[in-house]
Amino acid sequence: MDYFPIFCNLKGKRCLIVGGGQVATHKAKGLLAAGAVLHLVAPTLTPELASLHASGDIEWFPVMFSPQYLQSCWLVIAATSDPQVNRQVAAAASAERIFCNVTDDPSAATFISPAIIDHSPVIIALSCGGNAPVYSKILKAHVAAHLPPGMRESVRLAGTLREQINSACGDRERKRAFWAAFFRHAPLQQALAQEHEQEVRQQVEWLIQHRLLSE
């Protein structure tokens, strides 16, 4: 395995983007969506980044990069149009043991960004290891087209039920069997997709009684 895939909790954590162009704009939107506290170092900004700065969503330093801007950062993205600057950012981040993505040079990076399908709380990430970004996007479109209806609602409901199920039954194998039935139970999935709340409650109760508590 060339890369170890992880999902990072960046809420409230400082992240740095070096660069102010379109690539930096795309990366900034993703980090902000994940709740990061975003700093941006670049002489100029795209209009969209300038708007984010004006609204207080990002902190902008209109200067050239220097290692001092890495202080207290959890993650760095080098997204300038200058490969030499990007390598400088990557080297400085590596010296501080901060993971760094280099948008134009995966070999210089300590992490790469996957193609993302975001149906939070379901998040699917696909990568070709930096070798074929276009194919990653093709795979993303294929996977997205085959996701089950009601998937997001099913997972959200499961999250609200976890404590109840854990309290009702201490048998791990029985709970696994319950959750397998939960996600495969067609009447429940149909009710979720159609947003029939009363039917959802009835189907959940049926599953608890017949797939969790019954002997």
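## Cysteines, domains and aromatic contacts

The structure contains zero disulfides, where a disulfide is a pair of cysteine sulfur atoms within 2.5 Å. This is a predicted model, in which local features need pLDDT of at least 70 and side-chain atom pairs count only at pLDDT 80 or more, while totals for chains, interfaces and linings use all residues. Residues are numbered from 1 along each chain as its sequence is written, and side-chain values use heavy atoms, with hydrogens and water left out.

**Cysteines.** For Cys128, the closest cysteine sulfur is that of Cys8, and the 20 Å between the two sulfurs is too far for a bond. Cys128 is partly exposed, at 22% relative accessible area. Cys169, by contrast, counts as buried, at 9% relative accessibility. The classes are set on relative accessible area: buried is under 20%, exposed is over 50%, and partly exposed is in between (1.4 Å probe, protein chains only).

**Domains.** The protein is assigned domain 1 (14–113), domain 2 (114–147) and domain 3 (151–212); these bounds come from an automatic or database domain assignment. The centres of domain 1 and domain 2, taken over C-alpha atoms, are 23 Å apart.

**Aromatic pairs.** Across the whole structure, a search finds six aromatic pairs. Rings of Phe, Tyr and Trp (its six-membered ring) pair if their centres lie within 6.5 Å; planes under 30 degrees apart count as stacked, over 60 as edge-to-face and the rest as tilted. Two of the pairs are set out here.

| Pair | Centre to centre | Angle between planes | Class |
|---|---|---|---|
| Phe178 and Phe182 | 6.1 Å | 45° | tilted |
| Trp179 and Phe182 | 5.2 Å | 75° | edge-to-face |

Phe178 and Phe182 sit in helix α6 (residues 172–184), and because they are four residues apart there, about one helical turn separates them. Helices (H or I, at least four residues) are DSSP runs, numbered from the N terminus. Trp179 and Phe182 are three residues apart in helix α6, so they too are separated by about one helical turn.

Which residues make up the aromatic cluster? Phe178, Trp179, Phe182 and Phe183 form one cluster. Within this group, Phe178 is buried, Trp179 counts as buried at 16% relative accessibility, and Phe182 is buried with a relative accessible area of 0%.

**A charge over a ring.** Lys13 lies over the face of Trp74, 5.0 Å from the ring centre. The rule for such a contact is that NZ of Lys or CZ of Arg is within 6 Å of the ring centre and within 35 degrees of the ring normal.

Definitions and conventions: Helix = DSSP H or I, 4+ residues; strand = E, 2+ residues; numbered from the N terminus.
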